[in-house]
Amino acid sequence: MALAEPATAVPNDLEAYWLPFTPNRAFKAAPRLIARAKGMHYYTPEGRAVLDGTAGLWCTNAGHNRDPIVAAIKAQADALDYAPPFQFAHPKAFALATRLAALAPGDLDHVFFCNSGSEAVDTALKIALAYHNVRGEASRTRLIGRERGYHGVGFGGISVGGMVANRKHFGTLLSGVDHLPATYDRARQAFTIGEPEWGAELADELERIVALHDASTIAAVIVEPMAGSTGVLAPPKGYLQRLRGICDKHRLLLIFDEVITGFGRLGYAFAAERYGVVPDIITFAKGVTSGSVPMGGVIVRAPIHAAFMRGPAHVIELFHGYTYSAHPLACAAALAALDLYREEDLFARARRLEPRCGEAAMSLKGLPGVLDIRAVGLTAGIDLAPRPDAPGARGYEAMTKAFHEESLLVRVTGDTLALTPPLIVGEAEIADIFERLGRVVRALA
């Protein structure tokens with residue numbers, strides 16, 4: 001007789017752990033604990049299967065605990081646990097950089113590794129500032145972000161980001177930062193599948209910002225191709241192309257923050273490919289290892305890298321890096337994840353399933369309290385009407401009810417729900433996700 005799988009230990013004291021981006025008191029009153037995962041599901045310590053509608057946190061694109069990734073991590077841990085990334089390296093770091101450069105569009109062909117999306121953004125901003133400096137244009141120090149943008153939680157990221165709650169408690173942040181307007185207008189774009197028709201002209205606000213500050217003071221513009229954390233805002237048709245043109249005109253670097261959109265979320269290796277726009281710098285994280293080991297990075301165009309490769313050969317070109325840059329376990333996991341994406345053609349799978357995901361999301365239109373629905377790639381955002389005098393309460397209740405009563409994991413930002421399933425999701429599972437969510441929304445009316 002086979003032995004029963006041992007029960008996962010449940011902590012008897014939740015007090016010591018300060019959870020990130022979480023209302024801690026509410027969580028600890030009714031915990032949502034996850035003990036293991038496989039494929040499309042999480043499992044609670046009691047063994048209840050929870051359908052993952054969020055790919056963890058936009059990251060487990062190849063699904064959970066995939067055997068090839070697990071095996072690669074185990075093998076790497078057995079062979080090499082750690083190698084110093086300053087002045088030394090290990091072979092898999094070079095192998096992975098080569099693979100990523102091949103996936104990136106145009107001449108984005110040099111990779112700098114870090115450990116998270118937040119670190120990737122701060123790295124990209126520092127590279128942009130240093131690039132202008134080494135070229136003799138040190139006056140270019142201003143950074144331009146966008147309202148409702150999310151670029152992680154480092155001081156650089158929250159400075160160029162445009163989500164108020166992420167900024168308001170942390171002082172004056174970086175100086176010399178300005179913001180483009182958000183690309184969303186519910187009156188003109190409500191209930192859109194794919195990229196909205198209206199809004200390309202919002203990119204022209206960059207010309208106003210350049211006129212205000214002068215191009216000679218501006219280093220870079222950073223945007224998410226699709227603004228994810230704020231509630232799934234796809235770029236208006238032609239917007240990114242227009243932004244690229246203005247940046248070229250004034251010699252500003254254009255940074256695409258692809259921490260969420262990279263590795264198949266919008267049906268391509270990078271959203272830059274979907275939109276036919278080659279930025280100067282791409283940030284990545286999350287899906288590069290399918291969420292299995294922390295990793296992030298920055299990919300830069302050839303001329304940016306070349307600008308640093310001057311001076312004596314023994315002198316460090318960029319005084320920046322992290323103890324765990326290109327960690328051996330992360331590199332092994334990423335190489336295995338890239339193999340899965342290629343062997344199972346998961347990016348093309350996301351493109352094929354995109355219409356089904358959009359249709360399923362729009363099936364919630366007309367339900368009580370649903371103000372808007374947006375769908376692009378394998379991603380959907382649903383805006384719920386806030387409760388009077390309690391913004392965010394309805395969204396939080398939807399998330400907790402989905403987990404406890406419908407065994408469904410959804411992402412919540414204020415009163416906006418986001419659905420971002422792993423790329424291995426099937427049509428039946430897409431229908432199931434939105435059927436469960438529909439019951440949640442009706443129950444909250």
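I started at aspartate 67, which is exposed, with a relative accessible area of 54%. The model is predicted, so I kept that in mind throughout.

**Entry: the partner of aspartate 67.** I found that lysine 38 forms a salt bridge with aspartate 67, and the closest N and O atoms are 2.7 Å apart. Lysine 38 sits in strand β1 (residues 36–38) and aspartate 67 in helix α3 (residues 67–79), so this pair ties together parts 29 residues apart in sequence. I noted lysine 38 as partly exposed, with a relative accessible area of 38%.

**Entry: glutamate 137.** Is glutamate 137 buried or exposed? I read a relative accessible area of 16% for glutamate 137, and it is buried because the cut-off is under 20%. Glutamate 137 forms a salt bridge with arginine 251, with 2.8 Å between the closest N and O atoms. Glutamate 137 is in the loop between α5 (117–134) and β5 (142–146), and arginine 251 is in the loop between α9 (239–250) and β9 (253–257), so the pair ties together parts 114 residues apart in sequence. Arginine 251 is partly exposed at 47% relative accessibility.

**Entry: glutamate 197.** I looked up the salt bridge between the side chains of glutamate 197 and lysine 237, at 2.5 Å, N to O. Glutamate 197 lies in the loop between β7 (192–193) and α8 (205–213), and lysine 237 in the loop between β8 (218–223) and α9, so parts 40 residues apart in sequence are tied together. Glutamate 197 is exposed at 62% relative accessible area, while lysine 237 is partly exposed at 43%.

**Entry: the wider count.** I noted 26 salt bridges in the structure. Asp107, Arg244, Asp248, Asp280 and Arg301 are linked in a network of them.

Conventions:
Residues numbered from 1 in each chain as written. Predicted model: local features only at pLDDT ≥ 70, side-chain atom pairs only at ≥ 80, totals over all residues. Heavy atoms only, no water. Salt bridge = Lys/Arg side-chain N within 4 Å of Asp/Glu carboxyl O. Helix = DSSP H or I, 4+ residues; strand = E, 2+ residues; numbered from the N terminus. Buried < 20%, exposed > 50% of the residue type's maximum accessible area, 1.4 Å probe, protein only.
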